[in-house]
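Subject: Structure for you, with notes

Hello,

Here is the structure I promised to pass on.

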Amino acid sequence: MTVPTILVVDDDELSVRMLEAQLGDAGFTPVAAFSGAEALDIMEQRQIDLVISDLVMHEMDGLELIEQVRKRHEGIPVVVVTANGSVESAVEAMRRGAYDYLEKPINPAILHITLQHALNYHHVVRENEQIKGLLGERFTFQSIVTVNPAMKELLRLAAKVASARQTTIAIYGESGSGKEVLARAIHFAGNGLPNGFVAVNCAAIPEHLLESELFGHVRGAFTGADRDREGKFSLARGGTILLDEIGDMPLPLQAKLLRVLQERVFEKIGSNAPLPADCRVIVATNRNLAEWVAAGRFREDLYHRINVFPLTIPPLRDRTDDIPLLCEHMLDHLRQHLGKALPGISQKAMDVMLNYHWPGNVRELRNCLERAAILTEGELIRPAHLGISPAGSDDAAHGAAGDSITYTLTVPGELLSLDTLTKRILAITLERCNGNKSKASQMLKIGRKAFYRP
């Protein structure tokens, strides 16, 4: 474990030597400076973990040194030393950025505890900044690789709305097209924190649980509510909530969501106390909500309320110019993830991908490449590695438009029931659509929730 290096700054040599001895006894590596200017020179030349500075010094006093350290070496904590009875000056130093202060004569035990707390605190701060930076790099508009003009215009609009936290954003796009990726990019572009992004899949949560999941409940609100529970809107406070598959939200709950968006307050189940909905709201769907409004399956007033700033992600089949770029980007990640060289993709394999319909969009492309990367051994990815064919894509995507569709159902006699047959039909349709629930639900003219049944 690295021993922290502490820079001691004081124009009184006796005070410096005494503090050096205390730091050495406490297990730190002390470095001496007898002026503010000398301290700044030392910090340019070597790694310093923490600065202890006297406040009263000639030429450059402790307050000015604090400001210079903050400008030149942000992140290095400063602890000031003040004479007994001069707490006011120490408070001013903390207002200007010092972490803490020590009173003369310095108690060795207090010295050690104060420095350790300062070092631990700033270590956590640096780690959090690094994590935020890494996540920010992963979920930024720049991380969404594209050469397609329509996608570039979409990202330009998304960057514009990122600073408008009170504006509800509606993201439209097929399953797998990257709606959540875009939502996260908007969140981080608006200076959102990593744990401030909360996603809720409205289609995957049973109807009777969705209200509690969103708004929370108080103890005794219903059978089984043995304690208070925070909802997703509470967890997203100060950040962003993504309501994915908003088109599958039950109509009664749509009315409650409308009130939240209009009044910016919500109530836990079993409580009348209003709570602020202090978060950005992004909704996403693969549905044509205008058609669902006309069919009475989605509230018209809610549709207009969420459609303030619509963003539509084009399907991958409409931006095939992005496929080579996306493949190279994904292969870079797979090389790191799998620890394999992965020389690249053969021209024949690329031709297959360029002619494929991609019903699962970018998600299906990523899964396809991961499969191919696992199968290949030090060679170019070939068509056989992909597991797809252009002909198969047309059948899966357009099968519902043909003259007839044949289902062959084989069920043991003792298990025969309408429910069993329904499950088999759902499973076969989902398989024909390459796992794309949106396509399967469109073929069967049912809601996506049917595919989440136990």
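This is a predicted model: local features need pLDDT of at least 70, side-chain atom pairs count only at pLDDT 80 or more; totals for chains, interfaces and linings use all residues.

**Helix 10**

Start with helix 10, residues 251-263. At 1.5 Å a residue, its 13 residues should span 18 Å, and the end C-alpha atoms are 19 Å apart, which agrees. Which residues of helix 10 are buried? They are L253, Q254, L257, L258, V260 and L261. These cover an arc of only 160° around the axis, so they sit on the same side of helix 10. As a rule, an α-helix has 3.6 residues a turn, so residues three or four places apart point the same way. The face turned away from the buried side carries the exposed residues P252 and Q262.

The buried residues of helix 10 have several packing partners. Among the helices, they pack against helix 8 (207-215), helix 9 (232-235) and helix 12 (300-306). Among the strands, they pack against strand 10 (240-244), strand 11 (265-266) and strand 13 (280-285).

R264 follows helix 10. R264 is found in the loop between helix 10 and strand 11. Its phi is positive, about 60°, although R264 is not a glycine. Is R264 buried or exposed? R264 counts as buried, because its relative accessibility is 16% and the cut-off for buried is under 20%.

**Helix 13**

Next comes helix 13, residues 323-338. Its 16 residues should span 22 Å at 1.5 Å a residue. The end C-alpha atoms are 21 Å apart, which agrees. The buried residues in helix 13 are I323, L326, C327, M330, L331 and L334. Seen down the axis, they fall within an arc of 135°, so they line one face of the helix. What covers them includes helix 14 (347-355) and helix 15 (361-375). Just after helix 13, G339 takes a positive phi of about 65°.

**Salt bridges**

How many salt bridges does the structure hold? It holds 24. Here are some to look at.

- E211 and K256: the closest N and O atoms are 2.5 Å apart. E211 lies in helix 8 and K256 in helix 10, so the pair ties together parts that are 45 residues apart in sequence. E211 is partly exposed, with a relative accessible area of 22%. K256 counts as partly exposed, at 41% relative accessibility.
- R156 and E153: the closest N and O atoms are 2.8 Å apart. Both lie in helix 6 (residues 149-161), three residues apart, about one turn of the helix. R156 is partly exposed, with a relative accessible area of 41%. E153 is partly exposed, with a relative accessible area of 34%.
- D322 and R319: the closest N and O atoms are 2.8 Å apart. D322 is buried, with a relative accessible area of 0%. R319 is buried, with a relative accessible area of 4%.

Salt bridges that share partners also join E67, E92, R95 and R96 into one network.

**A buried lysine without a salt bridge**

K179 is found in helix 7 (residues 179-189). K179 is buried yet has no salt bridge. Where is the nearest side chain of opposite charge? It belongs to E245, 4.9 Å away. A polar atom of the K179 side chain does lie 3.1 Å from the backbone oxygen of G173. Leaving aside neighbours within four places in sequence, K179 is in contact with residues including Y172, E174, D244, N286 and I313.

**Backbone features**

Most residues other than glycine have a negative phi, and most peptide bonds are trans.

E59 has a positive phi, near 65°, and is not a glycine. E59 is found in the loop between strand 3 (50-54) and helix 3 (62-72). At 79% relative accessibility, E59 counts as exposed.

The peptide bond from K104 to P105 is cis, with omega near -10°. P105 is in the loop between strand 5 (100-103) and helix 5 (108-138).

Best wishes

Terms used. Residues are numbered from 1 along each chain as its sequence is written. Side-chain values use heavy atoms; hydrogens and water are left out. Helices (H or I, at least four residues) and strands (E, at least two) are DSSP runs, numbered from the N terminus. The expected span of a helix is 1.5 Å times one less than its number of residues. Buried means under 20% relative accessible area, exposed over 50%, partly exposed in between (1.4 Å probe, protein chains only). The arc is that of the directions from the helix axis to the C-beta atoms. Contact means heavy atoms within 4.5 Å. Lys and Arg count as positive and Asp and Glu as negative; His and the chain ends are not counted. A salt bridge is a side-chain nitrogen of Lys or Arg within 4 Å of a carboxyl oxygen of Asp or Glu. A polar contact is a pair of N or O atoms within 3.5 Å; within protein, one must be able to donate a hydrogen and the other to accept it, and residues adjacent in sequence count only if both atoms are side-chain atoms.
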